Amino acid sequence: MESAVGTEARVCLDIIARQKKGIEKYGTTVAQNPLSHKEWLQHAYEEALDMAIYLRRSIEELDQ
């Protein structure tokens with residue numbers, strides 16, 4: 001059965017929740033954060049590395 005709220009809408013809700021969590025944790029929004037362009041790229045790179053680890057672990061779990 002398909003949910004009344006589509007996948008895209010759920011992603012939007014996740015983004016809103018993530019923004020609220022970030023403001024609570026860091027006291028600012030991404031738009032207001034004074035990090036340099038390189039620092040933003042470093043953060044994104046580290047998040048991508050984490051995602052690769054999570055994906056690899058899931059694949060290994062499915063293979064077992």
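Which residue forms a salt bridge with E61? Here are some notes on that and a few other features, bearing in mind that this is a predicted model.

1. **The E61 pair.** The partner is R57, and the closest N and O atoms of the two side chains are 2.7 Å apart. Both residues sit in helix α2, where their spacing of 4 residues puts about one helical turn between them. As for exposure, R57 counts as exposed at 52% relative accessibility, because the cut-off for that class is over 50%. E61 has a relative accessible area of 48% and is partly exposed.

2. **A second pair in the helix.** R56 and E60 also join their side chains in a salt bridge, with an N to O distance of 3.2 Å. Here again the two residues belong to helix α2 and are 4 residues apart, about one turn of the helix. R56 is partly exposed at 47% relative accessible area, and E60 is partly exposed at 37%. The count for the model comes to 2 salt bridges.

3. Y54 is placed in helix α2, which covers residues 37-63. With a relative accessible area of 55%, Y54 is exposed, since exposed means over 50%.

4. **The largest pocket.** How much space lies in the largest pocket? The value is about 670 Å³. Its lining has 18 residues, and R18, G22, Y26, V30 and W40 are the ones nearest the centre. By class, the lining is made of 7 nonpolar, 6 polar and 5 charged residues.

5. Helix α1 (7-26) and helix α2 each supply at least two residues of the pocket lining. The most comes from α1, which gives 7 residues.

6. V11 is found in helix α1. Is V11 buried, partly exposed or exposed? At 42% relative accessibility, V11 counts as partly exposed, because that class runs between the 20% and 50% cut-offs. For a sense of distance, V11 and D50 are 39 residues apart in sequence, and their C-alpha atoms are 20 Å apart in space.

Terms used:
Residues are numbered from 1 along each chain as its sequence is written. This is a predicted model: local features need pLDDT of at least 70, side-chain atom pairs count only at pLDDT 80 or more; totals for chains, interfaces and linings use all residues. Side-chain values use heavy atoms; hydrogens and water are left out. Buried means under 20% relative accessible area, exposed over 50%, partly exposed in between (1.4 Å probe, protein chains only). On a 1 Å grid over the protein atoms alone, a cavity is a set of points where a 1.4 Å probe fits but cannot get out, and a pocket is an open set with protein on both sides within 12 Å along at least five of seven lines; lining residues have an atom within 4 Å of a point. Grid points are joined across faces, edges and corners, and a volume is the space filled by probe spheres set on the points. Ala, Val, Leu, Ile, Met, Phe, Trp, Tyr, Cys and Pro count as nonpolar, Asp, Glu, Lys and Arg as charged, and the others, Gly among them, as polar. A salt bridge is a side-chain nitrogen of Lys or Arg within 4 Å of a carboxyl oxygen of Asp or Glu.
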